[in-house]
Amino acid sequence: MNENILLVEDEQGLRQTLTARLKKVGYVVDTAADGVEGFNKAMDMPFDLIILDVALPLRNGFDVCRDLRQAGLAAPIVMLTARTQTVDKVVGLKLGADDYVTKPFAALELLARIEALLRRATIRSGQGLHEFGPFRIDFRRMEVTRDSTPIYLTAREFQLLRYLIERAESAISRTELLRSVWNYDTGSFTRTVDMHVSSLRKKLEKDPTSPEFVVTVPNIGYMFVGARKSVL
Ligand code: CA
């Protein structure tokens, strides 16, 4: 099994119990104790599934869920809600959650939901595949392979790659990338773009110092080159 799960839950007791339970059945678990830490971890590390509490400090689970979906994160999200009103469940599902469990719940129930969602995600991955040179990219599941070898990208790296690929053969400025991929209005973080391009190249390119796909356009920014072979 060994799927990676992010558990975002502020109640320490529940966080520890659930973590132990999930690890016991073979999942790799990382945790966050508030909405901001949860959002950042979900964006910067590749997870197969996210368990997201609704009532969280700093940022509530609904906002985190909505923002993750807007950012293009495709991993299944299970919301944990302490409230029993149907309206909360409907809101959660509308914002892009895949399922919810109402507290208090039996661990077995949550495990069953997780298993079902992971299975569904695997079946879904058969669609929406695109090939670019040696890369096969599944935009919906945020998965990339090079010559059939999986490449693990963070959500932000994936967004960056996607933005460049959708505008392949066009030079994209650092300012545009900051605005579109990071939602930054100012151009003063251009170093952020360079750092992420560098980590993307390390994962995608055979020789990151002489990139074939994510190339530098002097005085402008970056461009994805490499003809689109086919859409599967
Ligand atoms: Ca809570």
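**Helix pair**

I looked up helix H2 (residues 35–44) against H6: they pack at an angle of about 55°, with their axes 5 Å apart. Helices (H or I, at least four residues) and strands (E, at least two) are DSSP runs, numbered from the N terminus. Axes are lines fitted to C-alpha atoms, for helices over the stretch in contact, and angles run from 0 to 180 degrees between N-to-C directions.

This is a predicted model, where local features need pLDDT of at least 70 and side-chain atom pairs count only at pLDDT 80 or more, while totals for chains, interfaces and linings use all residues. Residues are numbered from 1 along each chain as its sequence is written, and side-chain values use heavy atoms, leaving out hydrogens and water.

I then listed the contacts (heavy atoms within 4.5 Å). Ala42, Met43 and Asp44 in H2 meet Ala155, Arg156 and Gln159 in H6.

**Sheet**

I traced an open sheet of three strands, in the order S10-S12-S11, with antiparallel pairing. Strands pair if DSSP finds at least two bridges between them. S10 (172–173) and S11 (214–217) are the edge strands, each pairing on one side only. Helix H6 (residues 155–166) packs on the sheet and touches S10, S11 and S12. Its direction makes about 70° with that of S12.

**Calcium site**

I found the protein donors of the calcium ion to be Asp10 (OD), Asp53 (OD) and Ala55 (O), at 2.1 to 2.3 Å. Donors are N, O and S atoms within 2.8 Å of the metal (3.2 Å for Na, K and Ca); water is not among the atoms, so sites may look incomplete.
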